[in-house]
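Here is a briefing on one protein chain. Please keep the sequence and the 3D view open while reading.

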Amino acid sequence: MNTEKIAARRLSLEEVTKLGVKDRVFVSADTAELKLPECFVPAFLTKSGEDFEGGSITARTVFREEVSLLPDDENEAGIYLADENSSVTIEVLQSAGVVLDLALFVPGGDKGALTALYAAARQAFGADIVQIWRQGLKEVPDVKVDIFEEQIPRGRKGGDSVKRDRRAIDTYPTRADFIEFSAGWKPVVEIHRPVVDDTPTI
């Protein structure tokens with residue numbers, strides 16, 4: 001297990017409420033799936049500390065896990081901030097690499113193209129380093145679509161829906177599943193109809 005010792009200090013709830021979403025903190029690496037007591041991981045608050053209600057704080061680790069914490073609870077690992085002047089050191093878990101979870105479109109999609117793709121990845125990163133654990137292949141229809149955001153109606157029915165932000169012109173199925181849409185908005189996928197200019201020319 002690859003870890004690094006970092007000088008850090010434990011934050012009180014009051015100190016956490018002064019942090020923003022860009023402030024890097026360290027939270028316990030212990031999860032239900034992977035027991036790593038006494039080990040920490042880098043994380044960021046899911047919203048500014050002052051916006052949390054009550055004593056529970058939610059942070060998202062660099063490994064994409066969300067954890068709820070009670071900073072002032074002595075029975076929990078707490079939230080730490082790097083501090084060179086601190087006499088306390090914590091063990092921080094390092095990243096071993098990245099698992100790619102891609103929606104990859106290969107035109108034609110024949111076996112030769114996929115074999116060449118995997119071979120190129122292995123050549124770039126080393127044989128036996130790039131491992132394919134899950135591979136789901138499916139044919140997709142040749143349909144172009146537009147992706148919008150549409151405001152989720154609140155309360156009254158029959159009001160005009162508001163659409164905004166043409167995010168992409170894409171091939172169905174789209175990358176809409178991977179776009180993080182704003183709160184209160186939902187994705188809308190429509191058949192792409194090219195704009196035709198009927199203005200007569202001289």
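Arg10 counts as partly exposed, because its relative accessibility is 31%. The residue is found in strand E1, residues 3-10. The model is predicted, not experimental.

**Arg10 and its surroundings**

- The side chain of Arg10 reaches the backbone oxygen of Pro71 at 2.9 Å.
- Neighbours within four places in sequence aside, Arg10 is in contact with Glu15, Leu70, Pro71, Asp72, Asp73, Glu74, Glu76, Ala77, Gly78, Ile79 and Tyr80.
- Arg10 and Ala82 are 72 residues apart along the chain, and their C-alpha atoms are separated by 9.1 Å.

**Salt bridges**

- Side chains of opposite charge can pair when their charged atoms come close.
- The count of salt bridges comes to five.
- Arg9, Glu15 and Asp83 are linked in a network of salt bridges.
- In the Glu15 and Arg9 pair, the N to O distance is 2.8 Å.
- Glu15 is partly exposed, because its relative accessible area is 31%.
- Arg9 is also partly exposed, with a relative accessible area of 31%.
- Arg9 forms a salt bridge with Asp83 as well, with the closest N and O atoms 3.2 Å apart.
- Arg9 lies in strand E1 and Asp83 in the loop between E6 and E7, so this pair ties together parts that are 74 residues apart in sequence.
- That loop runs between strand E6 (80-82) and strand E7 (89-93).
- Beyond four places in sequence, Asp83 touches Ala7, Ala8 and Arg9.
- Elsewhere, Glu150 forms a salt bridge with Lys186, and the closest N and O atoms are 3.7 Å apart.
- This pair links distant parts of the chain: Glu150 is in strand E8 (residues 144-151) and Lys186 is in strand E10 (residues 185-191), 36 residues apart.
- Is Glu150 buried or exposed? Glu150 counts as buried, because its relative accessibility is 13%.
- Lys186 is partly exposed, with a relative accessible area of 35%.

**Overall fold**

- The protein chain has two helices and 10 strands.
- Along the sequence, the pattern is β-α-β-β-β-β-β-β-α-β-β-β.
- Buried residues make up 25% of the 202 residues.
- Among contacts with a separation of 6 or more, residues 24 or more positions apart account for 59%.
- The chain exposes about 15,300 Å², and carbon and sulfur atoms supply 50% of that area.

**Nonpolar cores**

- The largest nonpolar core has 18 residues, of which Val27, Leu45, Ala59 and Ile79 touch the most other members.
- Two or more residues of this core come from each of strand E2 (25-28), strand E3 (39-45), strand E4 (57-61) and strand E5 (66-69).
- Which element gives the most to this core? E3 does, with four residues.
- Ile79 is in contact with Arg9, Arg10, Leu11, Val16, Val25, Phe26, Val27, Ile57, Leu69 and Pro71, leaving aside neighbours within four places in sequence.
- Another core lies apart from this one and has seven residues, among them Ile6, Phe26, Ile90 and Val92.

**Thr58 in strand E4**

- Thr58 has its place in strand E4.
- Thr58 counts as buried, because its relative accessibility of 19% is under 20%.
- Setting aside neighbours within four places in sequence, Thr58 is in contact with Leu45, Thr46, Phe52, Glu66, Val67 and Ser68.

**Asp30 between E2 and E3**

- Asp30 is in the loop between E2 and E3.
- At 32% relative accessibility, Asp30 is partly exposed.
- Its side chain reaches the backbone nitrogen of Leu36 at 2.7 Å.
- Contacts of Asp30 beyond four places in sequence are Lys35, Leu36, Pro37 and Cys39.
- Asp30 and Ala77 are 47 residues apart in sequence and 9.3 Å apart in space, C-alpha to C-alpha.

**Nonpolar surface patch**

- Val98, Leu100, Leu102, Leu104 and Leu117 form a nonpolar patch on the surface.
- Together these residues have about 540 Å² of accessible area.
- Where is Leu100 placed? Leu100 is in the loop between E7 and helix H2 (111-125).
- Leu100 counts as exposed, because its relative accessibility of 64% is over 50%.

Methods:
Residues numbered from 1 in each chain as written. Predicted model: local features only at pLDDT ≥ 70, side-chain atom pairs only at ≥ 80, totals over all residues. Heavy atoms only, no water. Contact = heavy atoms within 4.5 Å. Buried < 20%, exposed > 50% of the residue type's maximum accessible area, 1.4 Å probe, protein only. Areas by Shrake-Rupley, 256 points an atom, 1.4 Å probe, with all protein chains shown as cover. Core = buried A, V, L, I, M, F, W, Y, C linked by side-chain atoms within 4.5 Å. Patch = residues over 30% accessible without salt bridge, like charges linked within 9 Å, V, L, I, M, F, W, Y side chains within 5 Å. Salt bridge = Lys/Arg side-chain N within 4 Å of Asp/Glu carboxyl O. Polar contact = N/O pair within 3.5 Å; in protein donor to acceptor, adjacent residues only side chain to side chain.
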